[in-house]
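Please review the briefing that follows alongside the sequence and the coordinates. It is arranged by topic, with lead sentences first.

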Amino acid sequence: MILRPRTEDHLVVGKYTGKIIVGVGLLMAVPLVVSIGFREWDTAVDFIVSIAACLIFGFGTQALCRTEKDLSWSHGLVVASGSWIWATLLGALPHFLSGHEGSYLDAMCDVMSGYTTTGLYLLQDLDHISMGLNMWRHLLTYAGGQGIVVIALTFLFKGTAGAYKLYVGEGKDERLLPNVVQTARAIWLVSLTWLVIGTLALGATGLALGQAPVRAFFHGMWVFMGAWSTGGFAPQSYNTFWFHSLTYEVISVVIFIAGSFNFALHWAAWTGNRKEILRNVETVSFAITLTLTTLVATFALARAGVYPDAMALFRKAFYQLASGHTTTGFSTIYARAFVTQWGPIGLIATTVAMAIGASACSTGGGIKGIRMGVMTKAFLQDVKRMISPESAVITQKYHHVRDVLLDDGVVRGAMTITVAYITLYAITAIVGVLYGYDLTQSAFEAVSAASNTGLSCGVTSPSMPDLMKGLYLAAMWMGRLEFMSVLALAGYGYAIVRGK
Amino acid sequence: MVDKRESLPNLKPARPVWLLYAAGIAAEIAFILGLTFVAYVLALLAMAAWR
């Protein structure tokens, strides 16, 4: 029998959702300051209206939902997934008010793409949007990379026993420190340190390339945010291709690969455990699958004779594949070049890299390296078991911060989420095919959306059908939160309607 | 109820090894890039020999 949620349950969900939306409103103060600094008065008004909407919603919900009850597991999952929807609805206001979006749905797609660090966008005339809106786009993706809930835990929650449930609901499950609020702060400590260093490096490169100091600084910061969060947003429509700079490419590769590492790995290295970097199952898995997919793509490109020499070919192939595999979405080729120059094999190699994705508990998406590592180890364990005597006891371990014994529960968990990802990729791709898109291109774009990558071969555009936009929006959301909290939200809704 | 562990700020690394952290991450990225590049060169050589 399904129990209908009680009033107390709604109050708990409302109270914590309100807190997170207040956080989103406060985050908008940053682009508001930028708008005022650049005397973009129309944009400033857009942000004032949006901040007011978020604060009214956030504080209003908290006032209506006063309760002392703490979060249960199901509450945490429902708040985490539900607050992403509310944050998208309200966060889309500045986009829509800017006049650069075809509809509110387009604006929501762009905001969900930002939060989920996907990088696909439907915004029109990107090269001429205001500094304030550009700041908001990149701040969205930087904040979304660490997690909206992580922000709230870091800055707004003074202490709640239910904090860990919110944190897990957002698709993260590593405890870097015994306390989850401290863990959230540790994530921010690492991210902010990288923000300073990355912005300086990219800003200096921009200056050397001839950009004006203010522009070089903002472009450096925004490209850093797009890279570190594996978001893929850039201030120009040609993405990182716009800079035509090997230095810019190298720095951005370093940042997005580092951003794709598990925060537990960063924290291990941060606290002096350097051996972890080379032993971790996720980095080993990533190195192997990136090498294999890059080789397949270079083989296709070499046969097609697209690039003039071997180094140019490697530079292009490695950048796109590393960007795809880390689920960043930066590209140094035109979107349609994936179709017209890379061909089906190049597209498939990139699609596979995107589908596997980055590390768990990182800013990236996709199936994740740890699951690939666990499934590979489980496969090897089964092979060993088959060729060993029946009485032999075969055990297998994998290394992630510590040695972990591979048991059926771990393998089942990895398989369940992997099957869920593959199903999501397939459904999203099939809908594209039903609308008349080529299967390879539709699969590329579907995987790009659901794995939160953001590379595009040209399918995503303001003129695509609304149903596909809605489906991509849902795929980005489910892919980022890794299904469980989304299913918990669906279950909560079902229980309200059908529960007793 | 307030979790009392909140009052134990412990964000400083146990051993503040900033340079070693940076070197470790850089070494890992260099390893990944190097591995891919070596595999690429070997593949090119294999293709050239095959032709």
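A:Phe256 is buried, with a relative accessible area of 0%; buried stands for under 20% relative accessible area, exposed for over 50%, and partly exposed for values in between, using a 1.4 Å probe and protein chains only. This is a predicted model, in which local features need pLDDT of at least 70 and side-chain atom pairs count only at pLDDT 80 or more, while totals for chains, interfaces and linings use all residues. Residues are numbered from 1 along each chain as its sequence is written, chains are lettered from A and ligands numbered from 1 in the order in which they are written, and side-chain values use heavy atoms, with hydrogens and water left out.

**Aromatic pairs**

- A:Tyr319 is also buried, at a relative accessible area of 2%.
- Over all chains, the structure holds 28 aromatic pairs; rings of Phe, Tyr and Trp (its six-membered ring) pair if their centres lie within 6.5 Å, and planes under 30 degrees apart count as stacked, over 60 as edge-to-face and the rest as tilted.
- The ring centres of A:Phe47 and A:Trp136 are 6.3 Å apart with planes at 85 degrees, so this pair is edge-to-face.
- Because A:Phe47 belongs to helix H3 (residues 41-64) of chain A and A:Trp136 to helix H7 (residues 131-146) of chain A, the pair ties together parts that are 89 residues apart in sequence; helices (H or I, at least four residues) and strands (E, at least two) are DSSP runs, numbered from the N terminus.
- A:Phe47 is buried, with a relative accessible area of 0%, and A:Trp136 is buried with a relative accessible area of 0%.
- The rings of A:Phe256 and A:Tyr319 are edge-to-face because their planes stand at 75 degrees, with the centres 5.7 Å apart.
- That pair links distant parts of the chain, with A:Phe256 in helix H12 (residues 246-259) of chain A and A:Tyr319 in helix H16 (residues 310-325) of chain A, 63 residues apart.
- A cluster joined by ring pairs comprises A:Tyr142, A:Trp188, A:Trp194, A:Phe224, A:Trp228 and A:Phe263.

**Charge over rings**

- The charged end of A:Arg137 sits over the ring of A:Phe233, 4.4 Å from its centre; the criterion is NZ of Lys or CZ of Arg within 6 Å of the ring centre and within 35 degrees of the ring normal.
- The charged end of A:Arg137 also sits over the ring of A:Tyr121, 5.7 Å from its centre.

**Nonpolar cores**

- The largest nonpolar core has 117 residues, and those with the most contacts inside it are A:Trp136, A:Trp194, A:Phe224, A:Met225 and A:Trp228; such a core is a set of buried Ala, Val, Leu, Ile, Met, Phe, Trp, Tyr and Cys residues joined through side-chain atoms within 4.5 Å.
- Apart from it lies another core, of 12 residues, including A:Leu71, A:Val149, A:Ala488 and A:Tyr492.
- Leaving aside neighbours within four places in sequence, A:Trp136 is in contact (heavy atoms within 4.5 Å) with residues including A:Val24, A:Phe47, A:His95 and A:Tyr115.

**Helix H18**

- In H18(A), the buried residues include A:Gly369, A:Ile370, A:Met375 and A:Gln381.
- Among what covers the buried residues of H18(A) are helix H15 (281-304), strand E1 (397-400) and helix H19 (408-434) of chain A.

**Positive phi**

- A:Arg39, although not a glycine, has a positive phi of about 55 degrees, and A:Arg39 is exposed, with a relative accessible area of 65%.
- A:Thr327, likewise not a glycine, has a positive phi of about 60 degrees, but A:Thr327 is buried, with a relative accessible area of 0%.
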